[in-house]
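Below is a short report on a two-chain model.

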Protein chains: 2
Amino acid sequence: MSLREIVATNLRHMRHAKGLSQEELADRAGINRNYVGMLEREEHAATVDMLERIATILDIDPMEFFRKSS
Amino acid sequence: MSLREIVATNLRHMRHAKGLSQEELADRAGINRNYVGMLEREEHAATVDMLERIATILDIDPMEFFRKSS
(Lines give C-alpha, C1' and ligand atoms only; values in the text may rest on other atoms or scores of the structure.)
Protein backbone atom coordinates (compact mmCIF):
# COMPACT_ATOMS: atom_id res chain seq x y z
CA MET A 1 0.00 0.00 0.00
CA SER A 2 1.57 3.28 -1.11
CA LEU A 3 1.87 6.25 1.22
CA ARG A 4 -0.47 8.14 -1.13
CA GLU A 5 -3.11 5.44 -0.59
CA ILE A 6 -2.60 5.51 3.17
CA VAL A 7 -3.06 9.30 3.20
CA ALA A 8 -6.18 9.03 1.03
CA THR A 9 -7.76 6.41 3.29
CA ASN A 10 -6.93 8.24 6.50
CA LEU A 11 -8.05 11.60 5.14
CA ARG A 12 -11.44 10.26 4.09
CA HIS A 13 -11.89 8.47 7.40
CA MET A 14 -10.96 11.49 9.53
CA ARG A 15 -13.01 13.89 7.41
CA HIS A 16 -16.07 11.69 7.84
CA ALA A 17 -15.39 11.44 11.57
CA LYS A 18 -15.73 15.23 11.73
CA GLY A 19 -18.89 15.16 9.60
CA LEU A 20 -17.39 17.41 6.92
CA SER A 21 -17.90 17.27 3.17
CA GLN A 22 -14.87 17.64 0.90
CA GLU A 23 -16.04 21.16 0.09
CA GLU A 24 -16.53 22.15 3.72
CA LEU A 25 -13.09 20.88 4.65
CA ALA A 26 -11.49 22.66 1.69
CA ASP A 27 -13.23 25.95 2.47
CA ARG A 28 -12.22 25.86 6.13
CA ALA A 29 -8.64 24.96 5.26
CA GLY A 30 -8.47 27.67 2.61
CA ILE A 31 -7.53 25.25 -0.13
CA ASN A 32 -8.97 24.49 -3.55
CA ARG A 33 -12.22 22.55 -3.42
CA ASN A 34 -10.97 20.02 -5.95
CA TYR A 35 -7.79 19.37 -4.02
CA VAL A 36 -9.40 17.33 -1.22
CA GLY A 37 -11.15 15.09 -3.75
CA MET A 38 -7.94 14.62 -5.71
CA LEU A 39 -6.15 13.52 -2.54
CA GLU A 40 -8.91 11.09 -1.60
CA ARG A 41 -8.86 9.62 -5.12
CA GLU A 42 -5.03 9.38 -4.96
CA GLU A 43 -4.77 11.58 -8.05
CA HIS A 44 -2.39 13.99 -6.39
CA ALA A 45 0.49 13.65 -3.93
CA ALA A 46 -0.27 15.91 -0.98
CA THR A 47 2.38 18.38 0.13
CA VAL A 48 3.27 18.80 3.78
CA ASP A 49 1.94 22.38 3.69
CA MET A 50 -1.49 21.14 2.62
CA LEU A 51 -1.47 18.27 5.12
CA GLU A 52 -0.67 20.78 7.84
CA ARG A 53 -3.63 22.99 6.89
CA ILE A 54 -6.00 20.04 6.72
CA ALA A 55 -4.73 18.62 10.01
CA THR A 56 -5.41 21.94 11.73
CA ILE A 57 -9.04 21.92 10.57
CA LEU A 58 -9.50 18.24 11.48
CA ASP A 59 -7.80 18.91 14.84
CA ILE A 60 -5.39 15.99 14.46
CA ASP A 61 -1.63 15.47 14.55
CA PRO A 62 -0.32 15.33 10.94
CA MET A 63 1.33 12.01 11.81
CA GLU A 64 -2.15 10.49 11.75
CA PHE A 65 -2.23 10.86 7.96
CA PHE A 66 0.60 8.32 7.69
CA ARG A 67 -0.73 5.80 10.21
CA LYS A 68 -1.25 2.35 8.74
CA SER A 69 -4.53 0.75 9.70
CA SER A 70 -3.99 -2.26 11.91
CA MET B 1 7.12 25.34 14.31
CA SER B 2 5.66 24.58 10.90
CA LEU B 3 5.35 21.06 9.56
CA ARG B 4 7.80 22.01 6.82
CA GLU B 5 10.36 22.92 9.49
CA ILE B 6 9.73 19.68 11.38
CA VAL B 7 10.26 17.66 8.19
CA ALA B 8 13.46 19.59 7.40
CA THR B 9 14.90 19.02 10.87
CA ASN B 10 13.99 15.33 10.95
CA LEU B 11 15.23 14.70 7.43
CA ARG B 12 18.62 16.24 8.14
CA HIS B 13 18.91 14.36 11.41
CA MET B 14 17.96 10.98 9.93
CA ARG B 15 20.14 11.49 6.85
CA HIS B 16 23.14 12.21 9.06
CA ALA B 17 22.31 9.18 11.19
CA LYS B 18 22.72 7.05 8.06
CA GLY B 19 25.96 8.83 7.13
CA LEU B 20 24.61 9.97 3.76
CA SER B 21 25.24 13.22 1.93
CA GLN B 22 22.30 15.02 0.31
CA GLU B 23 23.58 13.85 -3.06
CA GLU B 24 23.94 10.22 -1.99
CA LEU B 25 20.45 10.17 -0.55
CA ALA B 26 18.99 11.78 -3.67
CA ASP B 27 20.77 9.36 -5.99
CA ARG B 28 19.65 6.30 -4.04
CA ALA B 29 16.07 7.60 -3.87
CA GLY B 30 16.07 8.45 -7.56
CA ILE B 31 15.17 12.07 -6.97
CA ASN B 32 16.69 15.35 -8.07
CA ARG B 33 19.90 16.19 -6.22
CA ASN B 34 18.69 19.70 -5.44
CA TYR B 35 15.43 18.44 -3.98
CA VAL B 36 16.90 17.11 -0.73
CA GLY B 37 18.70 20.38 -0.09
CA MET B 38 15.57 22.36 -0.81
CA LEU B 39 13.63 20.28 1.71
CA GLU B 40 16.31 20.69 4.36
CA ARG B 41 16.36 24.47 3.78
CA GLU B 42 12.53 24.54 3.92
CA GLU B 43 12.41 26.02 0.43
CA HIS B 44 10.03 23.39 -0.84
CA ALA B 45 7.04 21.54 0.63
CA ALA B 46 7.75 17.82 0.27
CA THR B 47 5.11 15.64 -1.34
CA VAL B 48 4.09 12.33 0.18
CA ASP B 49 5.51 10.51 -2.86
CA MET B 50 8.95 11.99 -2.25
CA LEU B 51 8.77 11.37 1.51
CA GLU B 52 7.94 7.75 0.77
CA ARG B 53 10.97 7.33 -1.52
CA ILE B 54 13.28 8.99 0.98
CA ALA B 55 11.87 6.96 3.88
CA THR B 56 12.56 3.74 1.97
CA ILE B 57 16.22 4.66 1.52
CA LEU B 58 16.57 5.80 5.13
CA ASP B 59 14.76 2.64 6.28
CA ILE B 60 12.31 4.54 8.47
CA ASP B 61 8.55 4.79 8.83
CA PRO B 62 7.38 7.96 7.00
CA MET B 63 5.61 9.00 10.23
CA GLU B 64 9.05 9.78 11.62
CA PHE B 65 9.29 12.81 9.33
CA PHE B 66 6.43 14.44 11.25
CA ARG B 67 7.61 13.59 14.75
CA LYS B 68 8.12 16.66 16.94
CA SER B 69 11.32 16.61 18.93
CA SER B 70 10.62 16.29 22.63
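B:Lys68 sits in the segment after helix 4 of chain B. Helices here are DSSP runs (H or I, at least four residues), numbered from the N terminus. This is a predicted model, where local features need pLDDT of at least 70, side-chain atom pairs count only at pLDDT 80 or more, and totals for chains, interfaces and linings use all residues. Residues are numbered from 1 along each chain as its sequence is written, chains are lettered from A in the order in which they are written, and side-chain values use heavy atoms, with hydrogens and water left out.

B:Lys68 counts as partly exposed because its relative accessibility is 47%. The scale runs from buried (under 20% relative accessible area) through partly exposed to exposed (over 50%), with a 1.4 Å probe and protein chains only. B:Lys68 lies 18 Å from B:Ile54, C-alpha to C-alpha, at a sequence separation of 14 residues. Leaving out residues up to four places away in sequence, B:Lys68 touches A:Asp61, A:Pro62 and B:Ile6. Contact means heavy atoms within 4.5 Å.

## Salt bridges between the chains

Side chains of opposite charge can pair when their charged atoms come close. The rule for a salt bridge is a side-chain nitrogen of Lys or Arg within 4 Å of a carboxyl oxygen of Asp or Glu. A:Asp61 and B:Lys68 meet this way at 3.3 Å, N to O. The pair crosses between chains, and both residues lie in the segment after helix 4 of their own chain. A:Asp61 is partly exposed, with a relative accessible area of 30%. B:Asp61 and A:Lys68 also form a salt bridge, at 3.2 Å.

B:Arg4 pairs with A:Asp49, with the closest N and O atoms 2.3 Å apart. This bridge runs from helix 1 of chain B to helix 4 (residues 48-58) of chain A. B:Arg4 is partly exposed at 22% relative accessibility, and A:Asp49 is partly exposed at 21%. Between chain B and chain A the count is four salt bridges. Over all chains it is 14.

## The interface

In chain B, 18 residues are in contact with 18 residues of chain A. The area buried between the chains is about 1,700 Å², and carbon and sulfur atoms give 67% of it. B:Val48, B:Met63 and B:Phe66 lose the most area in chain B, together 38% of what that side buries. Buried area is the accessible area (1.4 Å probe) that two parts lose on being put together, summed over both.

## Symmetry

Chain B can be laid on chain A with an RMSD of 0.0 Å, by a turn of 180° and a shift of 0.0 Å along the axis. The two copies are therefore related as by a two-fold rotation axis. Superposition is by least squares on C-alpha atoms of residues with pLDDT of at least 70 in both copies. B:Thr47 comes closest to the axis among the residues of chain B, at 2.1 Å (C-alpha). The copies meet through the same surface, because 100% of the interface residues of chain B are also interface residues in chain A.

## Helix 2 of chain B

Helix 2 of chain B (residues 22-29) has B:Leu25, B:Ala26 and B:Ala29 buried. They are on the same side of the helix because they cover an arc of only 100° around the axis. The arc is taken from the directions from the helix axis to the C-beta atoms. These buried residues pack against helix 1 (3-17), helix 3 (33-40) and helix 4 (48-58) of chain B. Just after helix 2, B:Gly30 takes a positive phi of about 70°.

How values were computed
Helix = DSSP H or I, 4+ residues; strand = E, 2+ residues; numbered from the N terminus.
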